[in-house]
Amino acid sequence: MLDLILDSLRVISLPMKANFRGINHREVALFEGPQGWAEFSPFLEYSDEESSHWLACAIEAATQVPPKLYRSSIGVNATMPALNSQSEIADVLAGFPGCTTVKIKVGINEKEDIERIATVRKLSPQSKIRIDVNGLWSVDQAAKFLESCGEIEYVEQPCATVAELRELKSRVNVKIVGDEILRKSENPFELDLDGAIDILMLKVQPLGGIKNAHALASHHKLPVVVSSALECAVGINYGLTLAASFEEMSYDCGLGTGSLLARDVADIPIVDGKMQIQPVEPNFGGLDVSAERFDWWKNRIMRTAALLG
Ligand SMILES: [Mg+2]
């Protein structure tokens with residue numbers, strides 16, 4: 001398997017339109033197997049242990065026949081980074097044509113967060129709003145914010161722990177989505193999510209691939225929504241494939257994040273708020289990293305593959 005990965009390995013760096021998660025370039029590794037190109041792109045600070053789930057997913061994508069699909073396109077949400085100026089917010093929204101759901105990053109500064117939500121509501125009054133807190137709030141902070149932010153579709157990972165999420169859920173009447181609670185867990189199958197969350201956030205790479213994501217959804221018996229891990233078009237297409245492989249998909253998915261990139265290896269356009277599942281033939285023109293960065297990724301892959309056995 002390692003030979004298959006290293007023989008076709010490319011590592012590229014994609015410039016971003018705006019700073020997101022504190023980065024302005026997204027480095028990703030791609031390789032080709034019998035099922036086409038696959039993406040391995042854990043963020044640079046992630047350990048080999050955590051990255052091993054991402055590699056398991058990439059190997060699955062490169063080598064396994066895709067699952068049965070229930071639809072050929074997926075409704076996606078706009079993803080709003082923690083920006084504050086109205087013109088920057090308008091620019092981001094313009095990258096998501098036809099989308100009627102906006103997921104807004106919040107959690108760092110309550111006043112700015114409330115203003116960001118108000119600006120999105122003003123610029124896109126028809127849109128449903130969901131917020132993503134990345135586990136940053138205490139139960140009290142979350143309860144207070146949710147009482148003052150107006151109607152939202154759901155809140156994603158408002159607090160860090162299952163116990164806090166369960167307490168919050170007993171206090172507020174807003175749907176709660178679990179994201180980090182699953183993908184940062186040592187064993188997400190052992191979590192008792194009863195009374196703590198309403199919806200599972202599934203990200204195909206962090207959760208180890210499509211088969212594992214389905215196993216998790218069946219195990220926890222909760223509705224699901226699918227999001228990206230800021231992948232390039234190759235990984236996005238695999239996320240779209242995951243989203244299309246669920247018979248029930250009641251939510252717009254966070255798979256339009258290619259709009260946050262200034263360049264990508266392929267274009268999967270958002271048309272009327274939807275993205276089509278399609279095989280991606282990457283165009284690497286001018287995107288390859290330096291020899292030093294290539295070696296860094298190659299070493300990371302060799303160490304991570306050794307953990308998979
Ligand atoms: Mg999230």
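Let's start with Q205, which sits in the loop between strand 10 (199-203) and helix 8 (210-220). Helices (H or I, at least four residues) and strands (E, at least two) are DSSP runs, numbered from the N terminus. This is a predicted model, where local features need pLDDT of at least 70, side-chain atom pairs count only at pLDDT 80 or more, and totals for chains, interfaces and linings use all residues. Residues are numbered from 1 along each chain as its sequence is written.

Q205 counts as buried because 28 other C-beta atoms lie within 10 Å. The cut-offs, with C-beta atoms placed from the backbone, are 20 or more such atoms within 10 Å for buried, 12 or fewer for exposed, and partly exposed in between. Beyond its neighbours within four places in sequence, Q205 is in contact with S41, W54, C57, A229 and G235; contact here takes C-beta atoms, placed from the backbone, within 7 Å.

Now for helix 5 (residues 139-148), whose buried residues are V139, A142, F145 and L146. They span an arc of only 135° around the axis, so they lie on the same side of helix 5. That arc is taken from the directions from the helix axis to the C-beta atoms. E147 and S148, on the other side, are exposed. The elements below are among those covering the buried residues of helix 5.

| Covering element | Residues |
|---|---|
| helix 4 | 110-123 |
| strand 8 | 154-156 |
| helix 6 | 162-171 |

Just past helix 5, G150 has a positive phi of about 80°.

Methods. Two residues are in contact if their C-beta atoms, placed from the backbone, lie within 7 Å.
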